[in-house]
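User: I'd like to go through this model and ask how you know what you say about it. Can you keep it simple for me?

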Amino acid sequence: MAHLAPDPNILGNTEMFFIPETIQGSAIWIINGPSANVGVDIRDKSNSAFIYYADSYIGAGSNSAQTGTQIPWNRWMRVRLVVYKSGLSGAIVNFIQFLGLDFFDSLEDYMIEQIYENDVFLSSDGIYKTIPVTYK
């Protein structure tokens with residue numbers, strides 16, 4: 001298992017767990033902190049058509065899991081996390097929740113507080129590297 005701990009320069013107050021070889025396949029578990037609503041997607045860095053995880057809306061203090069996914073050991077992934085502005089109306093939240101896998105393409109500036117992008121490399125021996133790409 002690989003664990004990316006909360007870090008204000010990498011993922012804010014969100015934690016990520018990459019868990020290989022569960023009964024349903026591999027799993028990616030996102031634990032969101034209590035202060036902000038977020039959206040997360042994780043894709044292959046060299047080919048964004050490979051989506052390992054996507055959830056357009058994870059409420060403050062909520063968790064989200066993707067089971068049956070593939071964890072790409074020994075490959076770079078691009079992890080994107082959007083922090084939504086507080087006070088978005090219920091209609092906007094419903095819209096965000098139904099955007100699907102490519103939700104980043106449909107987000108508007110007025111919805112976004114911050115975006116974190118990181119490249120993450122997980123090796124099969126449990127060691128990982130992360131490189132912040134952007135912080136907006």
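User: Where does Ser26 lie?

Analyst: This is a predicted model, so keep that in mind throughout. Ser26 belongs to strand β3, which covers residues 25-31.

User: Why does Ser26 count as buried?

Analyst: Buried means under 20% relative accessible area. Ser26 has 11% relative accessibility, so it counts as buried.

User: Which residues does Ser26 touch?

Analyst: Leaving out residues up to four places away in sequence, Ser26 touches Ile19, Pro20 and Glu21, and also Gln66, Thr67, Gly68, Thr69, Gln70 and Ile71.

User: What does Ser64 touch?

Analyst: Setting aside residues up to four places away in sequence, the list for Ser64 is Ile28, Trp29, Ile30, Tyr53, Asp55 and Ile58. There's also a distance to look at: the C-alpha atoms of Ser64 and Asn32 are separated by 8.3 Å, with the two residues 32 apart along the chain.

User: Now for charges. What makes Arg80 and Asp41 a salt bridge?

Analyst: As a general point, side chains of opposite charge can pair when their charged atoms come close. The cut-off for a salt bridge is a nitrogen within 4 Å of a carboxyl oxygen. For Arg80 and Asp41 the closest N and O atoms are 2.7 Å apart, so the pair passes that test.

User: Are Arg80 and Asp41 buried or exposed?

Analyst: Arg80 is at 18% relative accessibility, so it counts as buried under the 20% limit. Asp41 is at 1%, so Asp41 counts as buried too.

User: How do you know that Asp102 and Arg43 form a salt bridge?

Analyst: Go back to the 4 Å cut-off. The closest N and O atoms of Asp102 and Arg43 are 2.6 Å apart, so this pair counts as a salt bridge. The pair links distant parts of the chain, 59 residues apart: Asp102 sits in the loop between α1 (90-97) and β8 (112-122), and Arg43 in strand β4.

User: Which residues are linked in a network of salt bridges?

Analyst: That network links Asp41, Arg43, Arg80 and Asp102.

User: How many salt bridges does the structure hold?

Analyst: There are seven salt bridges in the structure.

User: What stands out about the phi of Asn74?

Analyst: Most residues other than glycine have a negative phi. Asn74 isn't a glycine, yet its phi is positive, near 60 degrees. You'll find Asn74 in the loop between β6 and β7. With a relative accessible area of 44%, Asn74 is partly exposed.

User: Stepping back, how many helices and strands does the protein chain have?

Analyst: One helix and nine strands. Starting at the N terminus, the order is β-β-β-β-β-β-β-α-β-β.

User: Why can you call the protein chain as compact as a globular protein of that length?

Analyst: The globule rule gives 14 Å for 136 residues, and the radius of gyration of the protein chain is 14 Å, close to that value, so the description holds.

User: And how much of the protein chain counts as buried?

Analyst: That's 44% of the 136 residues.

How values were computed:
Residues are numbered from 1 along each chain as its sequence is written. This is a predicted model: local features need pLDDT of at least 70, side-chain atom pairs count only at pLDDT 80 or more; totals for chains, interfaces and linings use all residues. Side-chain values use heavy atoms; hydrogens and water are left out. Helices (H or I, at least four residues) and strands (E, at least two) are DSSP runs, numbered from the N terminus. The radius of gyration is taken over C-alpha atoms; the globule rule is 2.2 Å times the number of residues to the power 0.38. Buried means under 20% relative accessible area, exposed over 50%, partly exposed in between (1.4 Å probe, protein chains only). Contact means heavy atoms within 4.5 Å. A salt bridge is a side-chain nitrogen of Lys or Arg within 4 Å of a carboxyl oxygen of Asp or Glu.
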